[in-house]
Amino acid sequence: MSSEHPHVDVNHVPRIVLSWALVTIPLGYGLFQTLKAVSKLFTGG
Amino acid sequence: MAGRTHAGVLRVRPDPRAHVASRRADVNLTISLSNIALKEACMAALSFLDRQHSIAPPGYSRWLVPPAALAVHLCIGQVYATSVYKTSLITDFGASEKSIGYIFSLAILMLGLSSAVFGKWVDLGGPRRAMFTAACCWSAGFLIASFGIKSGQLWLVYLGYGVIGGIGLGIGYISPVSTLIKWFPDRPGLATGMAIMGFGGGALVASPVITKLLGHYGTATHPPKPDGTPNLTVNIFDATTVSKVFLTLGIVYFIFMMFGVFTIKVPAPGWAPAGYDPSKAHTKAARVTGQVSADNAIKTPQFYLLWIVLLCNVTAGIGILENASPMIQDFFRNADGSSSLTTNPKNVAIVAAGFVGFISLFNMGGRFAWSTASDYLGRKVNYIIYLGVGMIMFFIVATSGHKSTFIFIACVAVIASFYGGGFSTVPAYLRDLYGTYQVGAIHGRLLTAWSTAGVLGPLIINGLLDHAAEGKPCKSVLNTVTNKQVEVCPVDKTGHVVAGFLNASDYRTAMLIMVGVLAVGFVANLLIRPVNAKFHEVGPVKDAVDSAH
């Protein structure tokens, strides 16, 4: 059984950050908008 | 053709017709060569999508794979945001609520069918080709539906969004799942939870974006309430506006999904995470005992038991989630028709929308949290919780839900988290039972349970609610614009149950039926045992991580 490279290639780090940012930014926007709507549930509109 | 020259020497004179024919042949040859070159160029470009071209090089980080999966699931999760433009489509097509509802139902039906039919193709061809196909279908679905809306042809919306988009949904849903399981053999629940959380999150992203796009492309009109005043909580946009939104979504989703296509990679044969030892898996259940093909999997009782488990969990959850907004309003309606949710009657719909958002968060969060927890608890224990605790939650909602908003909201939130968790834990459950060999294909076949539940859940709850509403008398309401009394009946001409007629007791039977549905799933889950070794593949299977085990 071969193993994963023990340390993540340094060159991959910016790509990992960019990739995660690309999906988490829209998701974060959706979460923020949902939380804004959810706050109305607890404040009575 | 020959001719004589002045010197009497016979010389060959080219026949002009032969010359033309020769030129034609040359042109044809050139076209043929161009076609071949074009085909080869296309094949070369498309070969990028092949499994062998998507094998990760040494040192490739597996943490690049979940964003690729999320990119696809965030896009296809839009299917849960159809309610944003549903009323506009009903008005634009002059169709009934049921006719427009079929668009969503058709998409979910095609999701199950396409994932079952194309599951093996996805496993064999690899995730990149599957994701590319999913992106093409999903995007084409929007474009065709856009044209259908613009031209007033509802069948084109069924064909585009429902059928072609639905195929994209099915292929897109399963495409990254088996790859993620192979990249994360030490945490299959976490891996599938991350991707399938994206499916839940897709609606959270799409709803506000679509709302903004509709406002950008057009101006909303509001239908009148029975009393004649405009219903400001309902926004209706014309066909051109909705069509433009579909066109925009089709283009944007294609580009976003291409990020997933270009990023996804499968692990090289024999790859395993550093320090990973399959024999030291967290739970006994998480240790794969053998590899089973998709064709053999459907010969095992475990497949059908798990199909029942998924069917019951989704049926119960979908029934309550689809009716969340009217349900909270009906549960907390006072005898005089006023709401106990808020002191301002104008805010009831806003509070209900907040409740829908709240349970959407639990649906999405449950997908990640419960699936991750299953790596420690074991899949069977997870489903015992989903179905067992779910029964208790439904029973509390049925008997005491109307007594306290806190109890009601808390119980429904827990049910929503179990609904989401059920989806995201099932690929890891399949992996435990059947190995990683053709887990994508088996998962695809299991998703037919989702399609069935998509019909069964709403059928049970809506059927019972329609029956309850039909038994109630019409009301007379004063139209303040015309100053005349108008009669409002519990079911309107589109077949929709009008708000204000139902109360908590009308939901009791449906909730208690869901307790029974979950009990069936609970027993089915308890009956699941490890798969008989006679179904295991003989010898090592040629597939990524598996071959190393």
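A: A residue is called buried under 20% relative accessible area, exposed over 50% and partly exposed in between, with a 1.4 Å probe and protein chains only as cover. The model is a predicted one, in which local features need pLDDT of at least 70 and side-chain atom pairs count only at pLDDT 80 or more, while totals for chains, interfaces and linings use all residues; side-chain values rest on heavy atoms, with hydrogens and water left out. Residues are numbered from 1 along each chain as its sequence is written, and chains are lettered from A and ligands numbered from 1 in the order in which they are written.

On this scale B:Phe48 is partly exposed, because its relative accessible area is 28%. B:Phe48 sits in the loop joining α1 (16–47) to α2 (65–76) of chain B; helices (H or I, at least four residues) and strands (E, at least two) are DSSP runs numbered from the N terminus. Its C-alpha atom is separated by 25 Å from that of B:Thr192, 144 residues apart along the chain.

Helix α6 (residues 154–174) of chain B comprises 21 residues and reaches 29 Å from its first C-alpha to its last, close to the 30 Å expected at 1.5 Å a residue; the expected span is 1.5 Å times one less than the number of residues. A bend of about 35° occurs in α6(B) at B:Gly165, taken as the angle between axes fitted to the seven residues ending there and the seven starting there. Of the 21 residues of α6(B), 15 are buried, and the helix is mostly covered.

Within helix α17 (residues 448–470) of chain B lies B:Ser451, which is buried because its relative accessible area is 8%. A polar atom of the B:Ser451 side chain is 3.4 Å from the backbone oxygen of B:Leu109.

Helix α18 (residues 504–526) of chain B holds B:Arg508, and a relative accessible area of 30% makes B:Arg508 partly exposed. From C-alpha to C-alpha, B:Arg508 and B:Ile167 are 36 Å apart in space and 341 residues apart in sequence.

B:Ile255 belongs to helix α9 of chain B and is exposed, with a relative accessible area of 58%.

Notes. Polar contact = N/O pair within 3.5 Å; in protein donor to acceptor, adjacent residues only side chain to side chain.
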